[in-house]
Amino acid sequence: MTQPTQPFSEGPERLGKHALAALVAADIPTGAYVNLGIGQPTLVADHLSPDQHVTLHTENGMLGMGPAAQGDEVDLDLINAGKIPVTELPGASYFHHADSFAMMRGGHLDICVLGAYQVGANGDLANWHTGDPDDIPAVGGAMDLALGAKETYVMMSLLTRDGESKLVETCTYPLTGVACVTRVYTDVAVFLIGPEGVLVRETHGMTFEQLQAIVPVPLTRCE
């Protein structure tokens, strides 16, 4: 389902969360079966085109999820895994939680889009616990998604509140999945992770050189 690699480009402004969600949505191939993780990834549903014929799966047991519900559309019995009211598309179906996990673990999803605390240069994913004793661990179904989907995309801000890069040489937080991430979408750059290392497809609001200065991983421009 991977889209052809685009040559490197630079955008004038860093991306807000909705612009980032739109970018992710535009990269999802036609006809894909996709799970959107809790948090920012849920916004991708609002930017998918009907012409893409993408089928959204939710961990709590639904296929055919539509955009977030608004106004009179809100039905508190119709929510995604993040407890956000959503809409249903024609042909939507509902099923037991165990069946939902069987889809996730059985390789039936083309793509999952998850948030992250850290992503390693080899594609390792850490998104459930920072190791802080005061944090409440909440892995949920992330490990099932990260390893069960054919591709794992990450959607996150590049820097922590302390200004440190979340894209790192080696993850220091407990891992969710090993070598599973193929793309990282951030507010300032899109990274492709593969056997050739970490490629930068595009930057937003900074140059490639400025990006390399804040990311402690060797980067290469997409040709």
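How does the radius of gyration of the protein chain fit that of a compact globule with 223 residues? The chain has 17 Å, and a compact globule of this length would have a value near 17 Å, so the two agree. The radius is taken over C-alpha atoms, and the globule rule is 2.2 Å times the number of residues to the power 0.38.

This is a predicted model: local features need pLDDT of at least 70, side-chain atom pairs count only at pLDDT 80 or more, and totals for chains, interfaces and linings use all residues. Residues are numbered from 1 along each chain as its sequence is written, and side-chain values use heavy atoms, without hydrogens and water.

**View 1. The whole chain.** The protein chain holds four helices and 14 strands. These are DSSP runs, numbered from the N terminus: helices are H or I with at least four residues, strands are E with at least two. The C-alpha trace spans about 45 × 40 × 30 Å along its principal axes. Of the 223 residues, 49% are buried. Buried means under 20% relative accessible area, exposed over 50%, and partly exposed in between (1.4 Å probe, protein chains only). Take contacts between residues at least 6 apart in sequence: 62% join residues at least 24 apart. A contact means heavy atoms within 4.5 Å.

View 2. A search of the whole structure finds three aromatic pairs. Rings of Phe, Tyr and Trp (its six-membered ring) pair if their centres lie within 6.5 Å; planes under 30 degrees apart count as stacked, over 60 as edge-to-face and the rest as tilted. Phe8 and Phe208 pair edge-to-face, 5.9 Å centre to centre with 90° between the planes. Phe8 lies in the segment before strand 1 (9-11), Phe208 in helix 4, 200 residues apart. Phe208 is buried, because its relative accessibility is 8%.

View 3. Tyr117 sits in the loop between strand 6 (111-114) and strand 7 (118-120). Tyr173 sits in the loop between strand 10 (167-168) and strand 11 (181-185), 56 residues apart from Tyr117. Tyr117 is partly exposed at 36%; Tyr173 is partly exposed at 28%.

**View 4. Arg221 over Phe8.** The charged end of Arg221 sits over the Phe8 ring, 5.5 Å from its centre. Such a placement needs NZ of Lys or CZ of Arg within 6 Å of the ring centre and within 35 degrees of the ring normal.

View 5. Thr207 is in the loop between strand 13 (197-204) and helix 4 (208-214). Thr207 is partly exposed, with a relative accessible area of 26%. Thr207 and Arg14 are 193 residues apart in sequence, but 11 Å apart in space, C-alpha to C-alpha.
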